[in-house]
Amino acid sequence: MRFFSLEKLINLHDGYRRQYKIDDLELLLIQEQGQRYLVAARCPHRGHPLLDAAMADGVIECPLHGYRFALDSGAVLRRSEEPCHALACHSLVYEGNAVGVMLP
Ligand code: FES
């Protein structure tokens, strides 16, 4: 496993969102209501980008079809009749003054 630094802690604030691409992995770093999350940058339903998705109370809603996911677990909270996988979530790793992720 290798540490990939994503952002300096001093730059994080509520409302922060930034998309990262590491090899073929697209990640979205989010801070909302003091909580930080690192999730897949695309919806697991049909792959719509989540950068501009609405978020509230630890829930992200995909703007394309309105599927909702828990930001901490990725669990599907609302969907239409078409099933979909959970949103991929990654653990944040803090190293010095930066936050990042461990990847193989
Ligand atoms: S692509 Fe996100 S809900 Fe369909």
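Predicted model: local features only at pLDDT ≥ 70, side-chain atom pairs only at ≥ 80, totals over all residues.
**Entry 1**

I next examined the pairing of strand 7 with strand 8. Strand 7 covers residues 68–70, and two bridges connect it to strand 8 in the antiparallel sense. Which residue of strand 8 is the bridge partner of Phe 69? I found that it is Val 76. For background, I recorded that strands of a sheet pair through backbone hydrogen bonds, either parallel or antiparallel.

I turned to an open sheet of three strands, whose order is 1-11-10 and whose pairing is antiparallel. Strand 1 (2–8) and strand 10 (93–95) are at the edges; each has a single partner strand, so one side of each lacks a neighbour in the sheet. The twist in this sheet averages 40° from one strand to the next.

I followed the pairing of strand 1 with strand 11 in detail. Strand 11 comprises residues 98–103, and six bridges join it to strand 1 in the antiparallel sense. Arg 2 has Leu 103 of strand 11 as its bridge partner, while Lys 8 is bridged to Ala 98 of strand 11.

I then looked at the other pairing of strand 11. Strand 10 and strand 11 run antiparallel and are joined by three bridges. Here Glu 95 has Ala 98 of strand 11 as its bridge partner.

**Entry 1: the nonpolar core**

I looked up the largest nonpolar core and found that it has 19 residues. Which residues have the most contacts inside this core? They are Leu 27, Leu 28, Leu 38, Val 39 and Leu 50. I also checked which strands contribute: strand 3 (25–32) and strand 4 (35–40) each supply at least two residues of the core.

Leaving out residues up to four places away in sequence, Leu 38 touches Leu 27, Leu 29, Cys 89, His 90, Leu 92 and Val 101.

**Entry 2: the whole chain**

I finished with the protein as a whole. How many helices and strands does the protein have? I counted zero helices and eleven strands. The radius of gyration is 13 Å, close to the 13 Å that the globule rule gives for 104 residues, so the protein is as compact as a globular protein of that length. Along the principal axes, the C-alpha atoms fill a box of roughly 45 × 30 × 20 Å.

Of the 104 residues, 21% count as buried. I also recorded that, among contacts with a separation of 6 or more, 35% are between residues 24 or more positions apart.

Definitions and conventions. Residues numbered from 1 in each chain as written. Pairing = 2+ DSSP bridges. Helix = DSSP H or I, 4+ residues; strand = E, 2+ residues; numbered from the N terminus. Axes fitted to C-alpha atoms, helices over the stretch in contact; angles between N-to-C directions. Core = buried A, V, L, I, M, F, W, Y, C linked by C-beta atoms within 7 Å. Buried ≥ 20, exposed ≤ 12 C-beta atoms within 10 Å, placed from the backbone. Contact = placed C-beta atoms within 7 Å. Rg over C-alpha atoms; globule rule 2.2 N^0.38 Å.
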